[in-house]
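Biologist: I am new to this structure and would like to learn how its features are read, one at a time. Could we begin with the strands?

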Amino acid sequence: MRLMFVGPPGAGKGTQAVRIAARYGIPHISTGDMLREEIKNGTPLGQQAKAYIEAGELVPDDVIIGMVKERISRPDARDGFLLDGFPRTREQAEALDKFTSLDVVININVPDDKLIHRICGRRVCRQCGATYHESMLENLKQCPKCGGELYVRDDDKEEIVRQRIAVYKEKTQPLIEYYTKKGLLEDVVGSGGIDDITEAIVAVLENRK
Ligand code: ADP
Ligand code: ZN
């Protein structure tokens, strides 16, 4: 199954993507995670991407497209994958159409006021990449899954979050129409509990099989 998740920052795409990818045994391809890894490793790509990410802007299309194309060509993605955070612009969507096709696009909808609250309380594990909301944690410093150190992403500060939401509306939201026209779009309400949302996504996917 070739899946793509779309939705504003804070919609819970990453959380759901990890669960759905595990359930279907497909790789979770998150461009945000890939970029953060490049930054951590100090690669040329990471150096190029850093300033854009910290400003809440998109990394240039050619950089992202090359990175995803290489990732999708690896053997583990041959029978399917879950794209999380890509495509984010019309140019990226058109490029993707040239090297693969999608079976379904899940649009996770969450009201704006919830987005800011969710992102501003986000903690990420430095070791395993798991994400949490501070309200779910007993210990704000340590990952309950692996014991790794939890941190707040540099781009999760409120003013940067507002910028990311604005960029989403301008550049990424138009893709909803793009995929609706292709008959690929499925809406899932992303404001309930984490398990309920996972089940709603699974129900949609099973229905389309
Ligand atoms: P979120 O969905 O919560 O905004 P991500 O982890 O997906 O966070 O992305 C973080 C940042 O990485 C984005 O704000 C952007 O700067 C960059 N990025 C990720 N994916 C893309 C992409 N497909 N195109 C351009 N920039 C991207
Ligand atoms: Zn962890």
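Modeller: Two strands count as paired if DSSP finds at least two bridges between them, and the strands (E, at least two residues) and helices (H or I, at least four) are themselves DSSP runs, numbered from the N terminus. Here, cysteine 125 has leucine 150 of E7 as its bridge partner, and strand E5 (residues 122–125) is joined to E7 by two bridges, the two strands running antiparallel. Please keep in mind that this is a predicted model, in which local features need pLDDT of at least 70 and side-chain atom pairs count only at pLDDT 80 or more, while totals for chains, interfaces and linings use all residues. Residues are numbered from 1 along each chain as its sequence is written, chains are lettered from A and ligands numbered from 1 in the order in which they are written, and side-chain values use heavy atoms, with hydrogens and water left out.

Biologist: In what order do the strands of the sheet with E5 lie?

Modeller: In general, strands of a sheet pair through backbone hydrogen bonds, either parallel or antiparallel. In this case three strands form an open sheet in the order E6-E5-E7, with antiparallel pairing, and the edge strands, pairing on one side only, are E6 (131–133) and E7 (150–151).

Biologist: Which residues coordinate the zinc ion (ligand 2)?

Modeller: Donors are N, O and S atoms within 2.8 Å of the metal (3.2 Å for Na, K and Ca), and water is not among the atoms, so sites may look incomplete. The zinc ion (ligand 2) is coordinated through the SG atoms of Cys125, Cys128, Cys143 and Cys146, at 2.3 to 2.4 Å, and these donors follow the spacing C-x2-C-x14-C-x2-C along the chain.

Biologist: What are the angles among the four donor atoms?

Modeller: The ideal angle for four tetrahedral donors is 109.5 degrees. At the zinc ion (ligand 2) the angles are 99 to 116°, and the site is tetrahedral, a term used for four donors when all angles lie between 85 and 135 degrees.

Biologist: Which strands make up the open sheet with parallel pairing?

Modeller: That sheet has five strands in the order E2-E3-E1-E4-E8. Strand E2 (28–30) and strand E8 (185–189) each have a single partner strand, so one side of each is left without a neighbour in the sheet. Within the sheet, strand E1 (residues 2–6) and E3 pair over four bridges, and methionine 4 has leucine 83 of E3 as its bridge partner.

Biologist: Where is a cis peptide bond found?

Modeller: Most peptide bonds are trans. Here a cis peptide bond joins phenylalanine 86 and proline 87, with omega about -10°, and proline 87 lies in the loop between strand E3 (81–84) and H5.

Technical notes
Tetrahedral: all angles 85-135°; square planar, octahedral: opposite > 155°, others 65-115°.
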